[in-house]
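Please consult the sequence and the model shown here.

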Amino acid sequence: MGGFFYFCSMKELLVRTLSGAVLVAVIVACIFISPWSCWALALFIVAIGTFELSRLMHLKSRWQVLCGELLAMGAFAAASLGMLGNGPVFSWLLLLPMLPFLLALFSRTDDFKSIAAYDFGSVALLSLPCYFMVWLREIHSPKMLLLVFILLWANDTFAYLTGRLLGKHKLCVRISPGKTIEGSIGGLVFTLLGIVVYSHFADWLPMKVAIGMGLIAVVFGTLGDLCESMLKRQAGVKDSGRLIPGHGGILDRFDSVLFSMPFICVYLMMLS
């Protein structure tokens, strides 16, 4: 029996490793191939993430889910394509925030709170961060966008390893019992150490910018992970979806990116 469980755990680890490697390769390729490949990746995250959010909020109406998708993707398209030079063509999409009000007005349930929470939540959690992904690549550089992903991956990895080795005190047991204070400190220390060393050798990345980005990525990336765990706990599910074998859904893999991206971009705006 012990050998069977060992085989299952090794198989799960292999699946998780392979799918994670494929995901990283896809992200890196989309970032560097062209602005449109990055835009397509961001739009895909918005579309799938919004659908997963509707499941976490237990929305039953297909019309509500569809309208939420249109709102989230439309808001992202209007903002990002406007930045890429196609604003007049897609500016009408900015009218889509009125959609939840109209949908609730003609809904049989008259439940505006749940409709608005889903619709505006999808814009805040998905459309806005994905717009900033495109903005960061275009205004700064593809390698700056990739650096944000690397910072968040490093924080997740070292927080997990440090937590497994030294973790004793729970960070937020009510929401995520697996996270520890020691793990979070380990993720912070190793991520900052890595970005400081990298900045020392990379002439394009000033030390002040690097440290600020590292701090924001760790703090808000961790908060984003906790927020997504809160939504899953309230929904009574383990994962937001099953799109990525061994990892769950889009929200499971991009929660820290989505939550920290706007804060990192605003920080860079303040420095410019």
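In what order do the elements of the chain run from the N terminus on?

## Model and overall fold

The elements follow the order α-α-α-α-α-α-β-β-α-α-α from the N terminus. The chain has 9 helices and 2 strands, where helices (H or I, at least four residues) and strands (E, at least two) are DSSP runs numbered from the N terminus. This is a predicted model, in which local features need pLDDT of at least 70 and side-chain atom pairs count only at pLDDT 80 or more, while totals for chains, interfaces and linings use all residues. Residues are numbered from 1 along each chain as its sequence is written, and side-chain values use heavy atoms, with hydrogens and water left out.

Of the 272 residues in the chain, 45% are buried; buried means under 20% relative accessible area, exposed over 50% and partly exposed in between, with a 1.4 Å probe and protein chains only. Among contacts (heavy atoms within 4.5 Å) between residues at least 6 apart in sequence, 70% join residues at least 24 apart.

## Packing of α7 and α8

Two packed helices are described by the angle between their axes and the distance between the axes. Helix α7 (residues 181-201) packs on helix α8 (residues 207-235) at about 155°, and their axes are 9 Å apart. The angle makes α7 roughly antiparallel to α8. Here axes are lines fitted to C-alpha atoms, for helices over the stretch in contact, and angles run from 0 to 180 degrees between N-to-C directions; under 35 degrees counts as roughly parallel, over 145 as roughly antiparallel, 65 to 115 as roughly perpendicular and the rest as oblique.

On the α7 side, the contact is made by Gly187, Leu188, Thr191, Leu192, Ile195, Val196, Ser199 and His200, and on the α8 side by Met207, Ala210, Ile211, Gly214, Leu215 and Val218. These residues comprise 9 nonpolar, 5 polar and no charged. Ala, Val, Leu, Ile, Met, Phe, Trp, Tyr, Cys and Pro count as nonpolar, Asp, Glu, Lys and Arg as charged, and the others, Gly among them, as polar.

## Threonine 162

Threonine 162 lies in helix α6 (residues 142-166) and counts as buried because its relative accessibility is 12%. Its side chain reaches the backbone oxygen of phenylalanine 158 at 2.7 Å. Leaving aside residues up to four places away in sequence, threonine 162 touches Gly167, Glu182, Gly183, Gly186 and Phe190.

## Alanine 78

Alanine 78 belongs to helix α3 (residues 62-90) and is buried, with a relative accessible area of 8%. Its C-alpha atom is separated by 9.4 Å from that of tyrosine 131, 53 residues apart along the chain.

Methods
A polar contact is a pair of N or O atoms within 3.5 Å; within protein, one must be able to donate a hydrogen and the other to accept it, and residues adjacent in sequence count only if both atoms are side-chain atoms.
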